Amino acid sequence: MRKLYAIGIGAGDPEHLTVQAIDRLNRVDVFFVLDKGSEKADLVRLRQEILDRFVTRPGYRVVLAEDPPRDRTPADYRAAVADWHAARAEVYERMIASELGPSGTGAFLVWGDPSLYDSTIALIEAVLARGNVAFEYEVVPGISSISALVARHRTTMNQIGRAVQLTTGRRLAEGWPDGVDDVFVLLDAHTTFDRFTGEGLQIFWGAYVGTPDEILLSGPLTAALADEIRRVRAEARERHGWIMDTYLLRRPARK
């Protein structure tokens, strides 16, 4: 039977790869990569650099497929994401069926960790549910963006005995979550932290964490620091054509 791996490759530094990930890379016949266009060509290039550095098995292939377009300003966000995932599942199914032999081994190289804000596992399950192609699969964990962020800022994910929440800018815009002092925010194109300046919070912000283009800013969340992050973020996005950033907002633990 076909075998698939969803391999977490870390947040950008090739040295984030685990020994387990390197072992699985060297079992793979075909690596499947979704091409997100010229603006994000760096993401394809970094994956190839990982293969060049760690794969010693000869004869593997890399199969590229165009990532289906996504509506970035939908009237119905959840419906738009569902449509996008369905289109991606069709691409996954087509690649697996046409490029991987009945006993072949394939892999998707997943940025960060496959279990954190990533759709690869859900898409693999969707392909299986369609029933048109049979395979088994294994998930290999990787260093997540939030793990890399707090390590680079030399801090921790949580304060002792306090809860942590992972959310998006879209959800944070609805207000600070109850009972939580540490909030990690992913997928925030609108710098929602602006709404919390002057409330005694700290921010630990990072973009392109783990890559040569890494940018880190932190400190008390004042209006001045918020302005600086916004400026640096906009300049970086203009320079690269894309940006991957995340941040931790921390409220001092209440006594």
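Tutor: Here is a walk through the salt bridges, pair by pair. This is a predicted model: local features need pLDDT of at least 70, side-chain atom pairs count only at pLDDT 80 or more, and totals for chains, interfaces and linings use all residues. Residues are numbered from 1 along each chain as its sequence is written, and side-chain values use heavy atoms, with hydrogens and water left out.

The structure holds 20 salt bridges. The term means a side-chain nitrogen of Lys or Arg within 4 Å of a carboxyl oxygen of Asp or Glu.

Start with Glu93 and Arg130. Their side chains form a salt bridge of 2.7 Å, N to O. Glu93 is in helix 3 (residues 77-99) and Arg130 in helix 4, 37 residues apart, so the pair links distant parts of the chain. Helices are DSSP runs of H or I, at least four residues; strands are runs of E, at least two; both are numbered from the N terminus. Glu93 is buried, at 13% relative accessible area. Arg130 is partly exposed, at 38%. Buried means under 20%, exposed over 50%, partly exposed in between, with a 1.4 Å probe and protein chains only.

Next comes Arg230 with Asp194. Their closest N and O atoms are 2.6 Å apart. Arg230 lies in helix 7 (residues 223-240), and Asp194 in the loop between strand 7 (182-186) and strand 8 (202-207), so the bridge ties together parts 36 residues apart in sequence. Arg230 is partly exposed at 32%. Asp194 is partly exposed at 27%.

Helix 7 also holds Glu228 and Arg231, three residues apart, about one turn. Their salt bridge is 2.9 Å, N to O.
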